[in-house]
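Dear colleague,

I am handing over the structure we spoke about, and you will find it directly below.

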Amino acid sequence: MLLGRSSKAFYQTLNSTLAKRPISVTNAINQDYSCKVLVVGGGTGGCAVAAKLSRKLKKNELMVLEPSHDHYYQPLFTLVGAGIEQIEDTRRREKDVLPGNCTWIQDQAAELDLKGNVVRSTKGHNIKFDYLVVATGIIPRYEQIPGLIESLNQPDTGVCSIYAPNYAPGVYRAMQRVNSGNAVFTFPNSPVKCPGAPQKICYLTDDYLRKQGKREKVQVIYNTSLPVIFGVKKYADALWKICKERNIAVNTRTNLVSIDPDAKQATFEKLDTPEEKFTLPFSMLHVTPPMSTAQAISQNKDLTNAAGFVEVNKFTMQHVRFPNVFALGDCSSSPNSKTAAAAAAQTEVVYENLAAVMRGKEMPLTYDGYASCPLITGYDKCILAEFDYDLNPLETFPFSQDKERLSMYLLKKNVIPAIYWTLMMNGHWNGPALFRRIMHFGREK
């Protein structure tokens, strides 16, 4: 049913339903609050865990601190960049995705005092809490690459990026303008959200150029800071084969350091010999920027590890020093791939373990590092990568998922977004573990 239904009609119906959801919102200045559970961050993980908590707590007991007016389903940004979806298809109002039974403080955390159990906001709010859930994600740092913001904001430079809603639509325009030369795609020397996305847009550009009859005049190059094309060998082998068949050049341990938009040249460093740099001319340059946690998170030494991520036990998602603090999603130190699928799996773990701590009980659940990356390899095909902490495949379907399939593309494009908006944002989706057990006759795969 989902596959045969118009996406726009579905989203119009969904928006109409969500618009009826009541929620308390405050924009006051210098106001003090007190709650049982404070969720900092109203993105994927924050909304999902707040939805679960809202069924057990009163509105004044559950508060969400989030500054944004809009909530984006970021996994669709790749399809926006390929001209398949529109940016409007990825956006909802924040007040419509937060649970009605919570208090939304529309502001940003400036200081998290874990010893005093209080968060101070940029508008001067003091929010006292008994328990804290940190779900602030990670932020693209476009400013860290000289020439990048200037290039993105100039028309016709060929520089583009799917990692921000204001830039993602420009990727398709850059693709359309390419007729010859180099189309270069980068992966930075930092953790990133959805680490498969930089090569997804590379494969989609390759496929687009072939459909337009322009591929023979364009050299497609994927420069990644990583030592491998993908962390899980089973899927990496499949991707290397695709790159070889499609004549996509892959350079590992290669990191973008600056851009000259006027000369249309990008400078890279070889990470194994940092003094070695080289320059590439480009007709199109897709940049995945370095990413990090927000400053209020990364500079809080009580909260984070040396890399600036919230330091949690990777199995329980509880903070290693403050038992009333939990974290999930991209901001946590758990060494899983940073994807929405990982956040979905972590949501139930955080909710159940937090509830147990609140009751003075033992934490019942552990997170196995599950993450999923639907690796779109063209306009009608996708490899569905699923794996755990040990980078072992953890596949849902009863067939090998290292093959390009139309069905997996339709799953990515139509089914998973519907699951996100209707189930996960309402606290009813914890990932596909149950379906995996059913499809593998009760045995984890």
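This is a predicted model: local features need pLDDT of at least 70, side-chain atom pairs count only at pLDDT 80 or more; totals for chains, interfaces and linings use all residues.

D156 forms a salt bridge with R177, the closest N and O atoms being 3.6 Å apart, where a salt bridge is a side-chain nitrogen of Lys or Arg within 4 Å of a carboxyl oxygen of Asp or Glu. Because D156 lies in the loop between α5 (148–152) and β11 (159–160) while R177 belongs to helix α6 (residues 169–177), the pair ties together parts that are 21 residues apart in sequence; here helices (H or I, at least four residues) and strands (E, at least two) are DSSP runs, numbered from the N terminus. D156 counts as exposed at 52% relative accessibility, and R177 as partly exposed at 40%, with buried meaning under 20% relative accessible area, exposed over 50%, and partly exposed in between (1.4 Å probe, protein chains only).

Residues are numbered from 1 along each chain as its sequence is written, and side-chain values use heavy atoms, with hydrogens and water left out.

By the rule above, the count comes to 17 salt bridges. One of them joins E395 to K234, with the closest N and O atoms 3.1 Å apart. This pair links distant parts of the chain, 161 residues apart, as E395 sits in the loop between β22 (381–387) and α11 (406–422) and K234 in helix α8 (residues 233–245). E395 is buried, with a relative accessible area of 7%, whereas K234 is partly exposed at 26%. R93 and D96 form another salt bridge, their closest N and O atoms being 2.7 Å apart; R93 is partly exposed at 39%, while D96 is buried at 5%.

Leaving aside residues up to four places away in sequence, E404 touches I242, R246, T377, K381, C382 and I383, contact meaning heavy atoms within 4.5 Å.

As for helix packing, the axes of helix α2 (residues 44–53) and helix α10 (residues 340–358) come within 9 Å and cross at roughly 35°; the axes are lines fitted to C-alpha atoms, for helices over the stretch in contact, and angles run from 0 to 180 degrees between N-to-C directions. Among the residues that meet there are A48, V49 and L53 in α2 and A343, T347 and Y351 in α10.

Two further points remain. M317, in the loop between α9 (295–298) and β20 (325–327), has a positive phi of about 65° although it is not a glycine, and at 0% relative accessibility M317 counts as buried. Finally, F435 lies in helix α12 (residues 433–439) and is partly exposed at 40% relative accessibility.
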